[in-house]
Amino acid sequence: LRDEPFDIAVIGAGIIGCAVAFALCEAGKRVLLVDRKGMAQEASAGNAGALAFSDIVPLASPGILRKAPGWLVDPLGPLSLPPSYALAAAPWLWRFFRASTPARFRESLEAQAALMALARRETLPLLERAGLAREVVSHGALTLYESERAFAAARSEWALRDAHGIAYEHLDRAGIDARQPGLAPRFRHATYSADWHNVRDPQALAQGLGEAAIARGAAMKRAPVSRLAEHDGGVIITLGDGTTLTASTAVVAAGAWSHRLAATLGDRIPLETERGYNTTLPKGAFDLNCQLIFSEHGFVVSPLDAGIRVGGAVELAGLKRPPDYRRSRAMLEKTKAFLPGIKTGEGIEWMGFRPSLPDSLPVIGRSPKARNVIHAFGHGHLGLTQSAATAILVRDLVLGRPPSIDLTPYSPARF
Ligand SMILES: Cc1cc2nc3c(=O)[nH]c(=O)nc-3n(C[C@H](O)[C@H](O)[C@H](O)COP(=O)(O)OP(=O)(O)OC[C@H]3O[C@@H](n4cnc5c(N)ncnc54)[C@H](O)[C@@H]3O)c2cc1C
């Protein structure tokens, strides 16, 4: 290997790559962060900012199979699959369907709960060490239900959390008003979850972690990576211009594009993107006390420093198709009905690519084809929430320490 001034190249400087780089620098490693766009310019820039530690129920579930057909009927609804992308998405959807059987769902639930317990333990301490604890606000989340039927179905999902020590409180209408005044009368039930935190600005948090890594000696290179190859006990990283870098270990944390890099090693990982949309309204648009979750409609309303962010939805339409901001507007229209006092002018629209695996679990582990490459991607709806836990697990893999949790369910070889 050439004598590079770093040991480990982390490819992708979203929230996952930045957290991994920080944890590795803390462990005394010399780190190079490589990103074609800079720090936190993709999914990690515009997400809803939730540290959703209580969100252990995988999306791939018997419940979603019941809801999805109704959702798909509305082209601007919570779930959409443009006909032109249906064939491309079919293999992923088939795996998603198989991961949603009761037995597989139980396995994913246990794995998600283990990763969340680690996230709950590690996130605030890691942010404190990075000097970023002030970026977290703890005001909980309120999940709202309109019909008795929806609430009854949700109660059994909430009960799945009991075995994992996650606290929640079911509220009637008076309880809703006490937590959040101004909601439309149609919401008759809600569940409040205190084990839920928000960050003031998800992009600033990810950039803060990247900067904290740089303050501890990491370097940042802005370049696209086109391929990886194992060589001589290390990894050769080929950049877009054909030049190469070498590292003893490479971490692939390239979000929704990671499977392309994995494929250059011969790893076939069924990553898809669940595209999500939002609109950020200016400060003062509504007096919001906590995050609101409209689970029957597939979107959330989040209080951020910049204002109120209204967003969510899932669009299975790949990495190339241009955004269809009618989706952001459809969520905003619903929000006007749900929060009648909200001011919806001057919003900024955004679309981001969630990196999603069909069983709703990320990939965290060594590449089956190249032992010096560690994959850390596919966190879907929960990348911010699981970033510190992922960073600790990757750090321990690099250091050869036993991981804090069994990594088998997140293995890149599981597909
Ligand atoms: C609408 C929406 C709301 C969300 N809300 C939440 C939430 O409230 N809480 C939560 O926990 N999660 C949430 N998420 C999910 C979360 O945003 C993602 O899981 C997370 O940001 C993924 O982080 P990442 O670092 O893996 O990917 P990204 O942030 O996408 O970063 C990947 C990086 O890799 C770089 N890259 C890719 N390919 C290459 C290459 N070949 N060479 C060099 N660089 C490359 C990209 O430039 C990018 O910077 C939400 C997502 C969306 C879309």
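Which backbone atom lies 3.2 Å from an oxygen atom of the ligand? Select Ile16 and you'll find out: a backbone N or O atom of this residue sits at that distance from a ligand oxygen. Keep in mind as you click around that this is a predicted model.

**Stop one: the ligand**

The ligand has 1,000 Å² of accessible area on its own, and the protein covers 97% of that.

Now show everything around the ligand: that's 33 residues, with Asp35, Ser44, Ala50, Gly380 and Thr385 coming nearest. Colour the elements next. At least two residues of this shell come from each of α1 (15-26), α2 (43-46), β15 (272-282) and β19 (348-356). Strand β19 gives the most, with four residues.

**Stop two: His189**

Jump to strand β8, residues 189-193, and pick His189. Is His189 buried or exposed? Its relative accessibility is 15%, so His189 counts as buried. Show the side chain of Glu148 too, and you'll see a polar contact of 3.0 Å between the side chains of His189 and Glu148. Beyond its close sequence neighbours (within four places), His189 also has contacts that include Thr143, Tyr145, Phe151 and Ile176.

Finally, select helix α4 (residues 83-99) and look for Trp94. Together with Leu65 and Phe97, Trp94 makes a nonpolar surface patch of about 310 Å².

Note on methods
Residues are numbered from 1 along each chain as its sequence is written. This is a predicted model: local features need pLDDT of at least 70, side-chain atom pairs count only at pLDDT 80 or more; totals for chains, interfaces and linings use all residues. Side-chain values use heavy atoms; hydrogens and water are left out. Buried means under 20% relative accessible area, exposed over 50%, partly exposed in between (1.4 Å probe, protein chains only). A polar contact is a pair of N or O atoms within 3.5 Å; within protein, one must be able to donate a hydrogen and the other to accept it, and residues adjacent in sequence count only if both atoms are side-chain atoms. Contact means heavy atoms within 4.5 Å. Patches are made of residues with over 30% relative accessible area and no salt bridge: like charges are joined within 9 Å, nonpolar side chains (Val, Leu, Ile, Met, Phe, Trp, Tyr) within 5 Å. Accessible areas come from the Shrake-Rupley method with a 1.4 Å probe; for residues, only the protein chains shown count as cover. A salt bridge is a side-chain nitrogen of Lys or Arg within 4 Å of a carboxyl oxygen of Asp or Glu. A residue is near a molecule or strand if one of its heavy atoms lies within 4 Å of it.
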